[in-house]
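Subject: Structure for your review

Dear colleague,

My findings follow it, arranged by topic.

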Number of protein chains: 2
Amino acid sequence: LTLAKALAAIVGAENALDDSGSLAAYATDHKERGVPPLVAVLPATTAEVQAIVRLCAAQGVALIPRGAGTGTVGGAVPEAAAVVLDLSRMNRILAVDADNLLADVEAGVVTGDFQRAMEKQGLFYPPDPSSSDTSTLGGNAATNAGGLRAIKYGVTGDWIAGLQIVLADGQLIRAGTRTRKGVVGYDLTRLFVGSEGTLGVIVGLTLRLAPKPATKRTLLAVFADVRQAGEAVLAVLRGPVTPAAMELMDASALAAVRSKLPAPIPPGHATLLLDVDGDAESTAREAAALAEILAGTKMVALRRSASEEEAKALWAARRAISQALYEIRPQRAADDVAVPISALVELFEGVEQIAKKAGVQHACFGHAGDGNVHVNLLYDPADDDESARVKRAREEVFRLTLRLGGTLSGEHGVGVAKRAFVPWEQPAALIDLQKRLKRAFDPLDILNPGKVFP
Amino acid sequence: LTLAKALAAIVGAENALDDSGSLAAYATDHKERGVPPLVAVLPATTAEVQAIVRLCAAQGVALIPRGAGTGTVGGAVPEAAAVVLDLSRMNRILAVDADNLLADVEAGVVTGDFQRAMEKQGLFYPPDPSSSDTSTLGGNAATNAGGLRAIKYGVTGDWIAGLQIVLADGQLIRAGTRTRKGVVGYDLTRLFVGSEGTLGVIVGLTLRLAPKPATKRTLLAVFADVRQAGEAVLAVLRGPVTPAAMELMDASALAAVRSKLPAPIPPGHATLLLDVDGDAESTAREAAALAEILAGTKMVALRRSASEEEAKALWAARRAISQALYEIRPQRAADDVAVPISALVELFEGVEQIAKKAGVQHACFGHAGDGNVHVNLLYDPADDDESARVKRAREEVFRLTLRLGGTLSGEHGVGVAKRAFVPWEQPAALIDLQKRLKRAFDPLDILNPGKVFP
């Protein structure tokens, strides 16, 4: 246990955990199960992170950066002997610069805490992954987390002006600028964003902010089937109004949350849930414009929120779905594939056919404005046959996604869960180039080794 | 001349130029002068580019990718024996996918041609570098070109879904996805964007599009000095309306274009030129909202366009400025520094002091919404003393920019013109990391060697 003692010398004994109870919690994220780490170390400062990285490099021990562990693909989960670097103690909002719409934070700040702190100052941090109440800004950056508002506001990477990174040799660098534009050298900020802890440890972020939209309105449009909902998605995207969210639930998803619906919706139907935000006048105008566009589609019913409470009621079913699926079957394969928007309907219909053929229950919903669909295939892990059928069906969903011009992950990342399938999407030359890049940044292969690439 | 013959065998003799007249044109861009290349080669296909890269790699000859040569920092200019790869013949728009708001193009398509082709289909490609009538989409991507509309629509990189790249070993890869979100592997697209031809040759682009805004309105606000204009910039950015352009001209710039002004503006004053765009109703509403915000500042006069012709008149001075400066002095140091918006005024005022102290004429104007300022220091190259004073003043502008938290280039890039100054902005560890990255991508140092980093 020399390693634990050496780590304890850096962060204090209470922040270098090696009891089996503590370590067990670090063996999993929200979905994948790996093995417990040798030690979980919780630094409080960048200097401590640097010392930890140098120690692991010197001892040749793998180091796995971890935010709140809300990932679903095993990106922060050890597969073999490793140290987990838990950044949750580095959770200070260091500075807010309202004039330049910038904030400096440590990597372990919880996203929702940050959003609320900004809103108190009339500011807005738009990226909104559904894990935001527990996930961290550093983890969001490492995975380039998406979320509900990406259609209008983009993903996490679009709101990062700069990053502070501890490299694999313990050196600290600052990537990016405090300016809105900057083209001196390579865009390392975007390279670290989404690199899942394999290229460096994100210890600090300079985030962009926006003025806070004063109001929000919600519309719920009902369609007789997913095809007609998909056509409405295209109609909205052609129009002059960019909604702040556009969520599609097909019949399979609506069936799972029937009790949470604001009004009965017949089986087989599909819904589009749309938000618009901005100042009061533009929000009202945009809601009206969207309603007009939707009226020109094959929509069969439209509900509009007149208050924040009504908006919450319209969102209740969408918010409840992840939990509701566990009430149907104890486990699920949950994949966040993305396709070009015009292929959304083919994806939804194709998944339905795949699930039917495999004899498994499914639920599809997603960020329609991004073509990013959460495909859930439900099963009981105690049922070997059902588990095997889901495994095969999941692979068919991946093949369908790629046939439609899509990608295997829109927002969750690769981690270990999709690693074997990366060659289905990317040819060898592309994977080789990325592995060369990884070696240039981390020649000893210390940082989250084995993740992302097969 | 084996090299020229070997290149001619790939592209045909008429597309492998080695006469001194042709080569002279490839020794310069719009600003920097290098040396003529050994050969200028103009491929028509990706396969030809691959063959050229392989040939140069085998012969150990440097290869310099070039779009239209509208750069100003020497990024596409040879400094020693090299082949220039002119991509202007690869100028086809291959496909437009209006449903998914995507277009596939070859690298040599002229940006303005592409913009106009999209507008004919009711679509919109927002990046608008001032060189757009001649510069190419591939060149825009290689430099991450900015332009007038970046405040609302972002820079070139924000509109690139994917790139086709010929690597230094001649392999072709496709980076990016055709989806709006994608997090499988590293963000190579963003890494190649702005890499100034040092990591690979961009041969094709998948560009994002938007629905075309139906209308545009222009406002010209006059202020008694640049400080009050700068305060108005901050007031606008705090508000709910994002202008499609916000250009600041200080007294030095207005003096240079006095004859083009739509109405007399007293010496010492400064102007803000703002565009809003969108559908007719929202444009009118946003113009009114901006006028109200500006009325709350120390603005002394406001002019608003009621027609496209009036908008053009309001823009005439801004459009004329680059040319007008050559009428004052035959040459200029033209640097595109960027600072946090709150430091805009300090930059303008600081440059004025630096120019006064150095006894040189200057003109400052820029994309105020991005903090991106074009600092022009005018001189006659025949006047050695004035040239030396400008050289020293330019370095003082760089020091001031960095002291204000800025960056040496907001949109032009580094090329050769700013290479020596990169260490002023970036510490050795950061430059070393980028050089390791370059070596991983181009181990033989064939692609645009020696550019960007000192």
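In β14(B), which residue is the bridge partner of Met249(B)? The partner is Thr271(B). Please bear in mind throughout that this is a predicted model.

Strand β14 of chain B spans residues 270–278, and nine of its nine residues are buried, so the strand is largely enclosed by the rest of the structure. In a regular strand, side chains alternate between the two faces of the sheet. For β14(B), one side carries Ala270(B), Leu272(B), Leu274(B), Val276(B) and Gly278(B), the other carries Thr271(B), Leu273(B), Asp275(B) and Asp277(B), and all of these are buried. Both faces of the strand are therefore covered, given that buried residues have under 20% relative accessible area.

**The seven-stranded sheet of chain A**

In chain A, seven strands form an open sheet with antiparallel pairing, in the order β15-β12-β14-β13-β17-β18-β16. Its edge strands are β15 (301–304) and β16 (331–335) of chain A, each of which pairs on one side only. From one strand to the next, the twist averages 15°.

Helix α8 (residues 226–238) of chain A packs on this sheet, where it touches β12, β13 (245–249) and β14 (270–278) of chain A. The direction of α8(A) makes about 165° with that of β13(A).

At one end of the strand order, four bridges join β12 (residues 215–223) of chain A to β15(A), and these strands run antiparallel. Leu219(A) has Arg304(A) as its bridge partner in β15(A).

**The four-stranded sheet of chain B**

Chain B has an open sheet of four strands in the order β1-β2-β4-β3, with mixed pairing. The edge strands are β1 (16–17) and β3 of chain B, each pairing on one side only.

Both directions of pairing can be followed here. Two bridges join β1(B) to strand β2 (residues 39–41) of chain B, and this pair runs antiparallel; Ala16(B) stands opposite Val41(B) in β2(B). By contrast, β3(B) and strand β4 (residues 82–86) of chain B run parallel and are joined by five bridges. Leu63(B) has Val83(B) as its bridge partner in β4(B).

Although β3(B) is an edge strand, five of the five residues in this strand (residues 62–66) are buried, so β3(B) is largely enclosed by the rest of the structure. Ala62(B), Ile64(B) and Arg66(B) point one way from the strand, while Leu63(B) and Pro65(B) point the other way.

Helix α1 (residues 2–11) of chain B lies across β1, β2 and β4 of chain B and runs at about 10° to β2(B).

**How the two chains are related**

Chain B is superposed on chain A by a rotation of 180° with 0.0 Å of shift along its axis, giving an RMSD of 0.0 Å. The two copies are thus related as by a two-fold rotation axis. Both copies use the same surface, since 100% of the contact residues of chain B recur in chain A.

One contact between the chains involves helix α10 (residues 280–295) of chain A and helix α10 (residues 280–295) of chain B, whose axes come within 12 Å and cross at roughly 180°. That makes α10(A) roughly antiparallel to α10(B). Here Glu281(A), Ser282(A) and Arg285(A) meet Glu281(B), Ser282(B) and Arg285(B).

**Two individual residues**

Lys312(B) lies in helix α11 (residues 308–328) of chain B and counts as exposed, at 60% relative accessibility. Lys312(B) and Thr218(B) are 94 residues apart in sequence, and their C-alpha atoms are 8.6 Å apart in space.

Ala24(A) belongs to helix α2 (residues 20–25) of chain A and is partly exposed, with a relative accessible area of 39%.

Yours sincerely

Note on methods:
Residues numbered from 1 in each chain as written. Chains lettered and ligands numbered in written order. Predicted model: local features only at pLDDT ≥ 70, side-chain atom pairs only at ≥ 80, totals over all residues. Heavy atoms only, no water. Pairing = 2+ DSSP bridges. Axes fitted to C-alpha atoms, helices over the stretch in contact; angles between N-to-C directions. Contact = heavy atoms within 4.5 Å. Buried < 20%, exposed > 50% of the residue type's maximum accessible area, 1.4 Å probe, protein only. Parallel < 35°, antiparallel > 145°, perpendicular 65-115°, else oblique. Least-squares fit on C-alpha atoms with pLDDT ≥ 70 in both.
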